[in-house]
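Here is a friendly walk through one model, from its overall layout down to a few side-chain details. Have the viewer open as you read.

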Amino acid sequence: MYAIFANGNKQYKAAVGETVKLEKLNAEAGSTVEFPVILTADEKGIQAGAEVENVKVTCEVLSHGKDKKIIVFKYKAKKNERKKQGHRQPYSLVKVTAIGAAEAKKTATKAAPKKPAAKAE
């Protein structure tokens, strides 16, 4: 089973046990984070939209870091204009621990207590 979830205007594919490199999260290493699911796929088929409203991807934050440096070089011919910049994108490495709607299942199994019917006399 895998799921597509959204974070920071980007979408990521994840399966239980995989590690995913996301944009930097405002969470400490070792904490758990949940993300809303856009699509799930398993042996039953593909589910999306209203079918996955309550489904969440639960991840554990492993570490934070910076990617490799990329060089941004701007150049205008015949004008002697050159500008060199470097950039290292910060990221968070997370491990997917669960995909599912555990909270939704708990609330669905709890039925509201039945009120006794009033006797009409």
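## Overall layout

Along the sequence, the chain runs in the pattern β-β-β-β-β-β-β-β-β-α. In other words, it contains one helix and nine strands. Please keep in mind that this is a predicted model.

Of the chain's 121 residues, 21% count as buried. Looking at contacts between residues at least 6 apart in sequence, 62% join residues at least 24 apart.

## Two salt bridges

Let us turn to charged side chains. Side chains of opposite charge can pair when their charged atoms come close. How many salt bridges does the structure hold? There are two salt bridges.

One of them joins the side chains of Lys10 and Glu23, at 3.1 Å from N to O. Lys10 belongs to strand 2 (residues 10–15) and Glu23 to strand 3 (residues 19–23), so this pair ties together parts that are 13 residues apart in sequence. Lys10 counts as partly exposed because its relative accessibility is 41%. Glu23 is also partly exposed, at 27% relative accessibility.

Another salt bridge is formed by the side chains of Asp67 and Lys21, at 3.0 Å from N to O. Asp67 sits in the loop between strand 6 (56–66) and strand 7 (70–76), while Lys21 lies in strand 3, so the pair ties together parts that are 46 residues apart in sequence. Asp67 has a relative accessible area of 28% and is therefore partly exposed. Lys21, with 43%, is partly exposed as well.

## Aromatic side chains

Next come the rings. A pair of aromatic rings is described by the distance of the centres and the angle of the planes. The structure holds two aromatic pairs. Why does the pair of Phe5 and Phe35 count as stacked? The ring centres of Phe5 and Phe35 are 5.0 Å apart and the planes meet at 25°, so the pair is stacked; the cut-off for stacking is under 30 degrees.

This pair links distant parts of the chain, with Phe5 in strand 1 (residues 2–7) and Phe35 in strand 4, 30 residues apart. Are these two residues, Phe5 and Phe35, buried or exposed? Both Phe5 and Phe35 are buried. Together with Tyr12, Phe5 and Phe35 form one aromatic cluster.

## The largest pocket

If you are curious about open space, the largest pocket holds about 210 Å³. Eleven residues line this pocket, and Met1, Thr40, Asp42, Gln47 and Val55 lie nearest its centre. The elements that give two or more residues to the lining are strand 4 and strand 9 (90–100). Sorted by class, the lining of the largest pocket has four nonpolar, three polar and four charged residues.

## A closer look at Thr40

Thr40, one of the residues nearest the centre of the largest pocket, is found in strand 4 (residues 32–42). Thr40 counts as buried because its relative accessibility is 3%, and the cut-off for buried is under 20%.

Which residues does Thr40 contact, leaving aside its neighbours within four places in sequence? Thr40 is in contact with Met1, Tyr2, Ala3, Gly45, Ile46, Gln47, Val52 and Val55.

Conventions. Residues are numbered from 1 along each chain as its sequence is written. This is a predicted model: local features need pLDDT of at least 70, side-chain atom pairs count only at pLDDT 80 or more; totals for chains, interfaces and linings use all residues. Side-chain values use heavy atoms; hydrogens and water are left out. Helices (H or I, at least four residues) and strands (E, at least two) are DSSP runs, numbered from the N terminus. Buried means under 20% relative accessible area, exposed over 50%, partly exposed in between (1.4 Å probe, protein chains only). Contact means heavy atoms within 4.5 Å. A salt bridge is a side-chain nitrogen of Lys or Arg within 4 Å of a carboxyl oxygen of Asp or Glu. On a 1 Å grid over the protein atoms alone, a cavity is a set of points where a 1.4 Å probe fits but cannot get out, and a pocket is an open set with protein on both sides within 12 Å along at least five of seven lines; lining residues have an atom within 4 Å of a point. Grid points are joined across faces, edges and corners, and a volume is the space filled by probe spheres set on the points. Ala, Val, Leu, Ile, Met, Phe, Trp, Tyr, Cys and Pro count as nonpolar, Asp, Glu, Lys and Arg as charged, and the others, Gly among them, as polar. Rings of Phe, Tyr and Trp (its six-membered ring) pair if their centres lie within 6.5 Å; planes under 30 degrees apart count as stacked, over 60 as edge-to-face and the rest as tilted.
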